[in-house]
Amino acid sequence: MSLAIEVVYFLTAAIFIIGLKQMSSPVTAHKGIVWAGIGMLVASLFTFGVSDINFGMVDGSFDIANNNLGLMIVAIALGSLIAYVSAKKVAMTDMPQMIAMYNGMGGGAAAAIAAVELVKLAGGGPSHGMTVQTLAVLGAVIGAVSFSGSAIAFAKLQGLMNKTIRLPMHQIINVLLFIAVIVTGYWVATGNPVSTNDVIWFFLLALVLGVMVTMPIGGADMPVVISLFNAFTGLAVAFEGFVLDNSAMIIAGTVVGSSGTLLTQLMAKAMNRPISNVLFSSFGSDDGSVAEEEIEGSMKEIQANDAAIMMAYAEKVIIVPGYGMAVAQAQHKLKEMAALLEARGVTVKYAIHPVAGRMPGHMNVLLAEAGVEYDNILDLDEINPEFPNTDVALVIGANDVVNPVARSNPDSPIYGMPILDADKAHNVVVIKRGKGSGFSGIENHLFYADNTRMLYGDGQKAVAELIAGIKQL
């Protein structure tokens with residue numbers, strides 16, 4: 001590979017890292033995405049200059065029947081078009097599904113690269129050496145698991161798969177599948193005479209393993225699973241970069257893998273659960289079969305006008321958004337309501353839990369879209385000390401992240417999970433569509449507390465009624 005291309009790859013790697021750094025803040029996140037996209041575009045264009053790529057030249061002349069250049073251009077154009085159209089049309093509430101799908105595609109692409117190299121080997125092609133072949137097999141396994149597992153995650157989040165599926169002795173089957181993948185992968189990697197059928201069986205087993213690992217995991221854990229598969233995809237791309245001797249793939253895959261791993265650890269910490277518990281327990285299942293303690297009290301309803309008076313004459317209001325706000329697209333109405341309260345001298349802040357919504361930063365993006373000042377959006381550690389001195393905590397669409405059983409009930413599956421201390425506010429108003437339990441299937445004891453009132457209805461409509469009530473004062 002020419003020195004010029006290596007220099008460009010180095011520069012694009014620096015752009016990736018700069019872009020990733022900028023994505024750490026809502027203020028610079030958009031610029032970070034643009035920089036990372038530019039880096040990827042430059043790396044892709046300069047890859048055309050790699051000397052050993054076959055552009056359809058045979059004996060110095062262009063051969064249309066052997067034209068890889070045309071296939072590459074068509075693939076890039078088609079993929080870019082599909083991505084642009086889908087990204088423009090997808091709703092913010094469906095963004096986690098889109099991330100799961102695109103992440104799975106990345107893992108599938110890495111697995112496809114490995115498949116091509118392993119099929120060449122099975123067809124009598126030259127051996128890459130033990131180290132490279134081992135990396136190819138590892139990338140194939142990780143990429144295939146990420147591809148099929150992400151497909152199941154997409155189906156769950158999209159509502160195409162509404163039930164978790166657990167076979168008898170499910171974990172034992174998974175262990176046997178994993179052993180089978182290791183054995184077949186070892187056979188392929190060690191340079192033994194292999195056939196195309198061996199490679200096919202190897203990939204089929206890896207794909208089935210991804211499906212089997214993901215099927216029992218409930219919807220409440222899907223954000224963590226998506227983040228984990230994102231790390232898997234990065235690792236697979238890095239391995240295949242070694243196979244192709246492509247430094248851009250190695251660096252980009254390593255950056256994605258390391259950042260995905262860090263994000264997964266942060267999310268697991270925010271839920272106070274190890275990754276093994278996410279992958280191998282039944283928490284977050286759709287059947288709601290979780291431990292419950294007896295609930296005292298009852299849900300007490302409040303009318304919008306009364307809630308509006310309560311907030312209008314408060315000194316401080318903290319808004320706790322959740323996935324329900326995203327579904328109702330109520331963030332713009334919340335901003336309008338907050339402006340009215342602030343005009344009356346009320347201090348308004350927003351409390352964000354690390355796993356609020358269906359992916360990290362989900363609430364931050366929605367509130368930023370509505371024009372909420374970044375300084376008013378506070379995370380769990382910053383905002384929790386302020387709840388005891390807050391007159392009204394307005395919870396809209398959040399459930400598990402404000403459930404006090406995480407502090408009080410050692411038998412609860414969410415016990416020990418850091419939560420937003422909304423229950424410590426003087427008054428709590430919960431906007432909720434109905435009386436159902438949260439995404440994890442656990443009943444929320446906050447709803448039955450003496451200082452809590454329930455405002456039932458669609459989030460956007462309920463906030464509109466609050467706005468009308470404040471304006472009448």
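The accessible surface of the chain comes to about 22200 Å², and carbon and sulfur atoms hold 64% of that area; the values come from the Shrake-Rupley method with a 1.4 Å probe. This is a predicted model, in which local features need pLDDT of at least 70 and side-chain atom pairs count only at pLDDT 80 or more, while totals for chains, interfaces and linings use all residues. Residues are numbered from 1 along each chain as its sequence is written, and side-chain values use heavy atoms, leaving out hydrogens and water.

Of the 473 residues in the chain, 47% are buried. Buried means under 20% relative accessible area, exposed over 50%, and partly exposed in between (1.4 Å probe, protein chains only).

The structure holds 8 salt bridges, each a side-chain nitrogen of Lys or Arg within 4 Å of a carboxyl oxygen of Asp or Glu. One joins K333 and E336 at 3.9 Å, N to O. These residues are 3 apart in helix α13 (residues 331-343), about one helical turn. Helices (H or I, at least four residues) and strands (E, at least two) are DSSP runs, numbered from the N terminus.

K349 and E386 form another salt bridge, with the closest N and O atoms 3.0 Å apart. K349 lies in strand β4 (residues 347-352) and E386 in the loop between α15 (380-383) and β6 (392-396), so the pair ties together parts that are 37 residues apart in sequence. Both K349 and E386 are buried.
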